[in-house]
Amino acid sequence: MSDVMRIFAIALFFLANTAFGEMLETENYRVVITMHCDEGEVSCEDISYKGTSKRSGNSINLKGKTLHQTCADGITPCQLLGYRFQNGNITYNVYASGLLQVIREPQEILIEEQGSWSYE
């Protein structure tokens, strides 16, 4: 293998195994989502959430997974809807549309804010 090919192969290895993230900015919160799965995987069960209040500066770190709409077969994930994180009886949903929603079971909406995405 030539030196150029060896360097290219090493670069591809590191790029494929690097976590990548997205940041959602709403009026009152900054949420950083980091996927720890290989790029190109349709679903991921290893996602980090760091949510920070712009008012208080308090933050929370959670682990979660992707949310998908399934294909016609009812099994295969087709479209990414967003991400879900659980903290006891509180569910944090971060949707691809930019909606941040925090719900306390059974159905009490604690936070519902629209934001915009940027990519790190």
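Helices (H or I, at least four residues) and strands (E, at least two) are DSSP runs, numbered from the N terminus. In sequence order the pattern reads α-β-β-β-β-β-β-β-β-β.

The model on display is predicted: local features need pLDDT of at least 70, side-chain atom pairs count only at pLDDT 80 or more, and totals for chains, interfaces and linings use all residues. Residues are numbered from 1 along each chain as its sequence is written, and side-chain values use heavy atoms, with hydrogens and water left out.

**Whole chain, coloured by confidence**

Begin by colouring the chain by pLDDT, the predictor's confidence in each residue, from 0 to 100. The average for the protein is 83, and 82% of the residues score at least 70. Now select residues 3–20, where the pLDDT is below 50. Beyond near neighbours in sequence, this stretch has 12 contacts in the model (a contact means heavy atoms within 4.5 Å). Where pLDDT is low, the predicted coordinates should not be read in detail.

Next, display the surface. The protein exposes about 7,700 Å², of which carbon and sulfur atoms supply 55%; accessible areas come from the Shrake-Rupley method with a 1.4 Å probe, and for residues only the protein chains shown count as cover. Of the 120 residues, 34% are buried. Buried means under 20% relative accessible area, exposed over 50%, and partly exposed in between (1.4 Å probe, protein chains only). Among contacts between residues at least 6 apart in sequence, 29% join residues at least 24 apart.

**The nonpolar core**

Select Ile33, Tyr49, Tyr83, Phe85, Val94 and Leu100 together. Of the 18 residues in the largest nonpolar core, these touch the most other members. Such a core is a set of buried Ala, Val, Leu, Ile, Met, Phe, Trp, Tyr and Cys residues joined through side-chain atoms within 4.5 Å. Two or more residues come from each of strand S2 (29–35), strand S3 (47–53), strand S5 (77–87), strand S6 (90–95) and strand S7 (99–104).

**Aromatic pairs**

Show the aromatic side chains next. The structure holds three aromatic pairs. Rings of Phe, Tyr and Trp (its six-membered ring) pair if their centres lie within 6.5 Å; planes under 30 degrees apart count as stacked, over 60 as edge-to-face and the rest as tilted.

Centre the view on Tyr49 and Phe85, a tilted pair with 5.0 Å centre to centre and 50° between the planes. Tyr49 belongs to strand S3 and Phe85 to strand S5, so this pair ties together parts that are 36 residues apart in sequence. Both residues are buried, Tyr49 with a relative accessible area of 4% and Phe85 with 0%.

Move to Tyr83 and Trp117, which form an edge-to-face pair at 6.5 Å centre to centre, with 70° between the planes. Tyr83 is in strand S5 and Trp117 in strand S9 (residues 116–119), so the pair ties together parts 34 residues apart in sequence. Tyr83 is buried at a relative accessible area of 2%, and Trp117 counts as buried at 19%. Leaving aside neighbours within four places in sequence, the contacts of Tyr83 include Glu22, Ile33, Met35, Ile47 and Lys65.

**Disulfides**

Select the cysteines. A disulfide is a pair of cysteine sulfur atoms within 2.5 Å, and by this rule the count comes to two. With bonded cysteines counted along the chain, the pattern is 1-2, 3-4.

Cys37 and Cys44 are joined with their sulfur atoms 2.1 Å apart. The torsion about this S-S bond is about 80°, so the disulfide is right-handed. Cys37 and Cys44 are both buried.

Cys71 and Cys78 form another disulfide, their sulfur atoms 1.5 Å apart. Here the torsion is about 110°, so this disulfide is also right-handed. Cys71 is partly exposed, with a relative accessible area of 23%, and Cys78 is partly exposed at 46%.

**Last stop: Ser116**

Finish at Ser116, which lies in strand S9 and is partly exposed, with a relative accessible area of 48%. Ser116 and Leu24 are 92 residues apart in sequence, but 5.5 Å apart in space, C-alpha to C-alpha. Leaving aside neighbours within four places in sequence, Ser116 is in contact with Met23, Leu24 and Glu25.
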